[in-house]
Amino acid sequence: MATAQNTMKKSFDWSELIFKIVLLLPAFLILGIFMFYPIVETFRISLMRASGLGEEVFIGFYNYIKLFSNEEFLAGLLHVFQWAFWSVVIQIPLAFFIAFTCTNYKTRLIKGLRGVYYLSNVLPSAITAMLGLFIFQPNSGVIVTLAKTLGWGWLERIDFLGDPKLAFWSVFALATWAYIGFGIIYFMANIEQIPAELREAAVIDGANKWQYARYIVVPQISYALRIQAILCTVGSLKLFDLPWMVTTGGPGTSTVTLGITLYREGFLNWQYGKAAAIGVIIFLLSLAFTIVQFSLQRESQN
């Protein structure tokens with residue numbers, strides 16, 4: 001008996017092991033070349049004085065120290081935190097409200113609106129930025145033209161993109177319209193997966209729409225809400241395209257983000273070391289927020 005067991009232990013299936021390695025090797029190679037190597041290289045360059053033309057010089061954490069005394073970088077850091085906060089506070093409840101309405105009031109109008117809501121999400125950022133400029137332009141934009149037509153001088157005098165106090169909120173409003181489509185579709189898919197028995201039980205117990213949404217729907221799609229919160233936070237930290245194409249970070253530093261500062265340092269000022277340091281900070285912040293939010297989710301499940 002013991003001899004038979006030893007024979008089974010020794011007969012290791014090498015062909016199966018090789019087959020698994022062959023299947024996994026492309027995935028590891030792609031991850032190593034396109035993900036892990038760039039991360040390690042970015043960490044290395046962030047510790048160098050590098051312009052891409054001359055010799056790289058090791059300067060330790062000097063790039064990081066200089067960044068935290070840079071007014072534009074600090075403004076960008078503040079703005080991405082504000083952007084992440086307001087994205088979670090405004091965009092997620094708004095997306096949930098629209099998704100809940102679309103799944104509970106199935107009329108012809110609502111069915112047509114599903115496509116309208118998601119349309120903004122498939123438009124290229126350049127077109128979204130052009131639409132934003134078309135709406136907010138100070139002299140010939142849609143809002144100014146409408147104000148002139150109605151004789152609303154107070155609205156005509158507002159410079160949505162030129163006023164530092166309004167520029168951030170103008171770009172944020174445009175981004176809310178552009179990015180909310182994914183959240184709506186994602187929440188709708190999760191709400192439609194809720195068993196019909198739960199809804200019927202809530203109706204029998206006399207729950208109204210608000211109570212059904214508060215006590216049945218929200219707990220049932222809590223995981224989707226947390227995933228959307230993580231996507232909003234990480235997306236805000238690496239935000240670049242819309243603020244750059246609409247206001248190029250201005251006026252002043254009112255709409256600048258970490259992504260815009262990284263682009264300026266790396267591709268306009270040729271300070272690759274500083275740009276890499278900003279990239280490392282964005283990576284670490286994204287990683288930290290993701291870990292914290294998943295940790296909170298695990299604690300709530302426990």
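Close-up 1. Helices (H or I, at least four residues) and strands (E, at least two) are DSSP runs, numbered from the N terminus. This is a predicted model, in which local features need pLDDT of at least 70 and side-chain atom pairs count only at pLDDT 80 or more, whereas totals for chains, interfaces and linings use all residues. Residues are numbered from 1 along each chain as its sequence is written, and side-chain values use heavy atoms, with hydrogens and water left out. Arg44 forms a salt bridge with Glu41, the closest N and O atoms lying 2.7 Å apart; a salt bridge is a side-chain nitrogen of Lys or Arg within 4 Å of a carboxyl oxygen of Asp or Glu. Arg44 also forms a salt bridge with Glu56, where the closest N and O atoms are 2.9 Å apart. Because Arg44 lies in helix α2 and Glu56 in the loop between β1 (48-49) and β2 (57-58), this pair ties together parts that are twelve residues apart in sequence. Arg44 is partly exposed, at 33% relative accessible area; the term covers values between buried (under 20%) and exposed (over 50%), with a 1.4 Å probe and protein chains only. Glu41, at 22%, and Glu56, at 34%, are likewise partly exposed.

**Close-up 2. The salt bridge between Glu72 and Arg264.** The whole structure contains four salt bridges. One of them joins Glu72 to Arg264, with the closest N and O atoms 2.9 Å apart. The pair links distant parts of the chain, since Glu72 is in helix α4 (residues 71-104) and Arg264 in helix α14, 192 residues apart.

Close-up 3. The structure holds 22 aromatic pairs. Rings of Phe, Tyr and Trp (its six-membered ring) pair if their centres lie within 6.5 Å; planes under 30 degrees apart count as stacked, over 60 as edge-to-face and the rest as tilted. Among the pairs is that of Phe85 and Trp86, which is edge-to-face at 5.0 Å centre to centre and 75° between the planes. Phe85 is partly exposed at 47% relative accessible area, as is Trp86 at 29%. The rings of Trp244 and Tyr263 also form an edge-to-face pair, with centres 5.1 Å apart and planes at 65°. Trp244 lies in helix α13 (residues 241-247) and Tyr263 in helix α14 (residues 258-268), so the pair ties together parts that are 19 residues apart in sequence. One aromatic cluster is formed by Trp83, Phe85, Trp86, Phe168, Trp169 and Phe172.

Close-up 4. Patches are made of residues with over 30% relative accessible area and no salt bridge, like charges being joined within 9 Å and nonpolar side chains (Val, Leu, Ile, Met, Phe, Trp, Tyr) within 5 Å. A nonpolar surface patch, whose members include Phe12, Trp14, Leu17 and Phe34, has about 1200 Å² of accessible area together; accessible areas come from the Shrake-Rupley method with a 1.4 Å probe, and for residues only the protein chains shown count as cover. Trp14 belongs to helix α2 (residues 14-46) and is exposed, at 57% relative accessibility. Lys106, Arg108, Lys111, Arg199 and Lys209 form a positive surface patch. Lys and Arg count as positive and Asp and Glu as negative, while His and the chain ends are not counted; the place of a charge is taken as NZ of Lys, CZ of Arg, CG of Asp or CD of Glu. Arg108, in helix α5 (residues 108-122), is exposed, with a relative accessible area of 81%.
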